[in-house]
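Colleague: Could you take me through this model? I would like to start with the overall picture and then go into residues.

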Amino acid sequence: MCPAHVFGQRNAIVYGKITDSIGRSIADVNIQVKSQNILGSSEENGAYQIQVPSNIPLELIFSYVGRQPYIVQIPALLAGEKKQLNVQMSYGISLRTFVI
């Protein structure tokens, strides 16, 4: 597992499993805490764990080549709190602008 660490403060932990639309595990998904220098990735079985700052709301971005990013807002967690967040990622890219 590739946990990210934040030093100098008490942290919370977000953990879970990343799967596709039919329940297969996805390895090597990039996990980023927006506006923070915190990165992580999922294991071969799709499991992940990332330490995040406590007492502030956060936005996690899950990204993987060929899949739409999955973005989720996390309310402020207490120091030492653990929150389970399982993620299901979809195939494809959403196009908002077409150039002809």
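Predicted model: local features only at pLDDT ≥ 70, side-chain atom pairs only at ≥ 80, totals over all residues.

Colleague: Fine. How many helices and strands are there in the protein?

Modeller: Zero helices and eight strands. Strands are DSSP runs of E with at least two residues, helices are runs of H or I with at least four, and both are numbered from the N terminus. Along the sequence the pattern reads β-β-β-β-β-β-β-β.

Colleague: And what share of the residues is buried?

Modeller: 39% of the 100 residues. Buried means under 20% relative accessible area, exposed over 50%, and partly exposed in between, with a 1.4 Å probe and protein chains only.

Colleague: Sheets next. What is the strand order in the open sheet of four strands?

Modeller: β3-β2-β5-β6, with antiparallel pairing. Two strands pair if DSSP finds at least two bridges between them.

Colleague: Which ones are the edge strands?

Modeller: β3 (38-41) and β6, each pairing on one side only. On average, neighbouring strands of this sheet are turned by 20° against each other, direction ignored. The axes are lines fitted to C-alpha atoms, and angles in general run from 0 to 180 degrees between N-to-C directions.

Colleague: How many bridges join β5 and β6?

Modeller: Five, in the antiparallel sense. Phe-62 stands opposite Tyr-70 in β6.

Colleague: And β1 with β4?

Modeller: That pair is antiparallel over seven bridges. Val-14 has Ile-50 in β4 as its bridge partner. β4 is mostly covered, with six of its seven residues buried.

Colleague: Which residues touch the most other members of the largest nonpolar core?

Modeller: Ile-18, Phe-62 and Leu-85, in a core of 20 residues. At least two core residues come from each of β1 (11-19), β2 (30-33), β4 (47-53), β5 (58-63) and β6 (70-74). A nonpolar core here is a set of buried Ala, Val, Leu, Ile, Met, Phe, Trp, Tyr and Cys residues joined through side-chain atoms within 4.5 Å.

Colleague: What does Leu-85 contact?

Modeller: Leaving aside neighbours within four places in sequence, the contacts of Leu-85 include Val-14, Tyr-48, Leu-60, Phe-62 and Ile-74.

Colleague: Switching to loops. Is Ser-54 buried or exposed?

Modeller: Buried, at a relative accessible area of 9%, although Ser-54 sits in the loop between β4 and β5. Its side chain reaches the backbone oxygen of Arg-10 at 2.8 Å and makes a polar contact with the side chain of Asn-55 at 3.5 Å. A polar contact is a pair of N or O atoms within 3.5 Å; within protein, one must be able to donate a hydrogen and the other to accept it, and residues adjacent in sequence count only if both atoms are side-chain atoms.

Colleague: And Asn-55 itself?

Modeller: Asn-55 is in that loop between β4 and β5 and is exposed, with a relative accessible area of 53%. Asn-55 has a positive phi of about 70° although it is not a glycine. Most residues other than glycine have a negative phi.

Colleague: Where does Asp-28 lie?

Modeller: In the loop between β1 and β2. Asp-28 has a positive phi of about 65° and is exposed at 55% relative accessible area.

Definitions and conventions. Residues numbered from 1 in each chain as written. Heavy atoms only, no water. Contact = heavy atoms within 4.5 Å.
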